[in-house]
Amino acid sequence: MSRASELSGANLITALDVVKDFSGHRALNHVSMEVPEGSIYGLLGPNGAGKTTLLRIINQITAPDQGSILFEGSPIGQEHRHIIGYLPEERGLYKKMKVGEQALYLAQLKGLSRQEAMKRLKLWFQKFEIEAWWDKKVEELSKGMAQKVQFITTVLHEPRLLIFDEPFSGFDPINVNLLKQEILQMKANGATIIFSTHNMASVEELCDHITLINESEAVLQGEISEIRDRYRANKYLVTFNGSKEQLTKGLDSPYDLLGIEENGMGQRATIQIKNEAKGTGDLIRNLLEITEIKAFQEILPGMNDIFIQVVNDTIQKKGY
Amino acid sequence: MSMLGPLIFAAYILIPMYFATLEDKEEKLMVVIDDSGLFTGRGPEGPVFTISGTETLKFQVVEGVPIETFKESFEESGYYGLLFIPSNILSSNSSLIYSTNQVSLEISEYLKRSMESEIEDLKLASHEIENIEKILLEVETSINVRNIKWTKDGKTQETNTGVVMAIGYLGGMLIFFFIFFFGSQVMRGVIEEKVSRIIEVIVSSVKPFQLMMGKILGVGLVGLTQFLIWMILSAVLVTGLKAAFFPELNQSPTEQVVASDLFMQGGTAQEPAMQTPENISIEDMDMAQEIFASLKSIPAGMILISFLFFFIFGYLLYAAMFAVIGSAVDNETDTQQLIFPVILPLILGLYVMISAISNPDNSLAFWFSIIPFTSPVVMMVRIPFGVPWWQLALSASLLVLTFLAMTWVAAKVYRTGILMYGKKNSYKEIWKWLRYSS
């Protein structure tokens, strides 16, 4: 894992050895992280692992006890507040304030001029088809409506870095899709996005890089493709045409038949290569001798499986 | 609520005025049986005594009727009381009032004083000193205690204690209410931001310290504006309604002050003809001159500056503490356990202030006007009486220092507290947050 000495200029955010304690409880234990510019970075981990604390530290809401956060290689400071957009896990707006007035106020807090904020808000309100809400009080809106408004206020100042804490929680599936599209659009526009989530499907769909935090420590980090590669278990799914017994009996010893299922698509066997010395070519040669192969594919581990495996591993290591 | 303020203030001033106009509605009749014969033909007839501006006492002297005849039907007869002057009053020095209800202190004091002076005159006359009336006239003295202050630069100033007290009291009360009302407004504002969860968005845009100070200053300025509007509206309402409904009260302020002063003395302000009118008008003039003299002699600029100073820094100090409490709780009901230690010195200050009005230089008033948590309220009553410069400087600098320290502490607790939910509401918890690095 790289350290400060080998910082690449392409990293927008670098967390260096961050430690945060809360009265006897360590929320973050020497966590480091590199977020490449223009990437979508996923922060995963079970509840209470320390994700929100790390996001708050990047947002300069709380300060770390040790370690530091770098923005493009230099310590993060007040000047960066205006180029970061933050959507916290617990969403909320001033309830008694009108939607438009409030959006304007929050935009100006982020350094936009009133006219500019007005111009951009008009566009966003049109895009989300919520122009009619402008003069409504926030307390009159439903939860989902208020979250849309809050999302707009988060991205309105076109920040270079977007930080979403559990962005998909509380949205209905249609809005989740809308949100994903917007995130991908922002990435295409050059923004960097960090988000924390439990939703593994969205991680596979959106993220380029992840950090998995468990029990206050970063237990797994890297590019998604690389991680999935690292966690491949040499399992293959073989769709075949032939007798099950023949396959079971004919399989050589380095290969382990984990199971056979039968459905509308035909018979499918899950096979694991136990012996590292054997490659897929050897397996296919063995299979050709005993059955007719219709399809052959590697089973890549899903992020969900990796998540569960890593979390369980760390629990076992700690001897619980 | 905001618009009710001026109405309440106006009502507070106008309602007593209204009651003052209800005078002469009730006439109380006091029967006098004078066995001594000393007062026969000398007692006053007709309405002579105005009680509290609403009631009049009348005397009816009866002769040769035994007390018992009144006893049985006294309540139905409508008499307020029966004054019995025994034949041996000169030696026994006592008289009796019979009544069905308790006679008010005001009336019994009046009767006592009247009889005393009458009997003193008689006793003096019995010594048959020549030219006794002339001598008495010479002897009669009314002592008017005037308060002349010597200032450091050798000038003399005349002050009226009442005016000085009123100014101090008003200043102290204004500060107390402002701190109380708008300090808790700061607290509610912090709680609102925390409960609605907007706080996390805001503190990602500005520093928590900026947010806290912004809220304190903002609420303070709103409060000042509201206060000014209330004052102006109250004044307008009082003058307008007074002119419309109580034209008879439309006197100059001096007349009002004099009138109210005379009420208090049990005098007959509404019927000055009953007493020697010349005397009263001379007293009027004296009083008016004295009040104006005191108003002039009081260092108005100095009072105004100190008022603004203690007003502003008192509010800032308490607002910072209220902000801490707001940041430490999840809803308004939870504030009750934490708010007591904050409010206690404020209430204590109010009590000391009230006692300090009559005794502004005792050690209690001194210490409470130096201690920063009570000084804004207590010092205000002392200033119009004159406070040594070193005390003022000490109190002011302690207040500023405490404000700075409190703001520093508040900022540290606040930035942790606003992100904490579901914690125990205790000062122990707050102490823990104070030690977090941030």
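## Close-ups of a two-chain model

View 1. Start with Glu116(B), which counts as partly exposed at 35% relative accessibility. (Buried means under 20% relative accessible area, exposed over 50%, and partly exposed in between, using a 1.4 Å probe and protein chains only.) Its partner here is Lys112(B): the two form a salt bridge, with the closest N and O atoms 3.0 Å apart. A salt bridge here is a side-chain nitrogen of Lys or Arg within 4 Å of a carboxyl oxygen of Asp or Glu. Both residues sit in helix H5 (residues 105-126) of chain B, and because they are four residues apart, about one helical turn separates them. Lys112(B) is also partly exposed, at 42%. Helices (H or I, at least four residues) and strands (E, at least two) are DSSP runs numbered from the N terminus.

*Reading the views.* This is a predicted model, where local features need pLDDT of at least 70, side-chain atom pairs count only at pLDDT 80 or more, and totals for chains, interfaces and linings use all residues; side-chain values use heavy atoms, with hydrogens and water left out. Residues are numbered from 1 along each chain as its sequence is written, while chains are lettered from A and ligands numbered from 1 in the order in which they are written.

**View 2. How confident is the prediction for chain B?** pLDDT is the predictor's confidence in each residue, from 0 to 100. Chain B has a mean pLDDT of 76, with 73% of its residues reaching 70 or more. Over residues 250-282 of chain B, though, the pLDDT is below 50, and this stretch has 34 contacts in the model beyond near neighbours in sequence. (Contact means heavy atoms within 4.5 Å.) Where pLDDT is low, the predicted coordinates should not be read in detail.

**View 3. Where chain B meets chain A.** Here 20 residues of chain B are in contact with 28 residues of chain A. The area buried between the chains is about 2200 Å², and carbon and sulfur atoms give 55% of that. (Buried area is the accessible area, with a 1.4 Å probe, that two parts lose on being put together, summed over both.) On the chain B side, Glu200(B), Ser204(B) and Ser205(B) lose the most area to chain A, together 25% of what that side buries. Two salt bridges are counted between the chains. Arg197(B) and Glu90(A) form a salt bridge with their closest N and O atoms 4.0 Å apart. Helices H7 (161-195) and H8 (199-205) of chain B each supply at least two residues of the side that touches chain A. H8(B) gives the largest share of that side, six residues.

**View 4. Two salt bridges inside chain A.** The side chains of Glu139(A) and Lys96(A) meet in a salt bridge, 3.5 Å from N to O. Glu139(A) lies in the loop between helices H3 (114-127) and H4 (143-155) of chain A, and Lys96(A) in the loop between strand S6 (84-87) and helix H2 (99-109), so the pair ties together parts that are 43 residues apart in sequence. Glu139(A) is partly exposed at 41%, whereas Lys96(A) is exposed at 56%. Next come Glu182(A) and Lys127(A), whose side chains meet in a salt bridge of 3.1 Å, N to O. This pair links distant parts of the chain, with Glu182(A) in helix H5 and Lys127(A) in helix H3 of chain A, 55 residues apart. Buried or partly exposed: which is Glu182(A)? Glu182(A) counts as buried, at 7%, while Lys127(A) is partly exposed at 47%.

**View 5. Two loop residues of chain A with positive phi.** Glu166(A) isn't a glycine, yet its phi is positive, near 50°. Glu166(A) lies in the loop between strand S7 (161-165) and helix H5 (173-188) of chain A, and is buried at 6%. Glu215(A), not a glycine either, has a positive phi of about 50°. Its loop runs between strands S9 (209-214) and S10 (217-223) of chain A, and Glu215(A) is partly exposed at 34%.

**View 6. Around Thr407(B).** Thr407(B) belongs to helix H16 (residues 389-417) of chain B and is buried, at 7%. A polar atom of its side chain lies 2.6 Å from the backbone oxygen of Phe403(B). Leaving aside neighbours within four places in sequence, Thr407(B) is in contact with Phe209(B), Met212(B), Met213(B) and Ala320(B).

Methods. A polar contact is a pair of N or O atoms within 3.5 Å; within protein, one must be able to donate a hydrogen and the other to accept it, and residues adjacent in sequence count only if both atoms are side-chain atoms.
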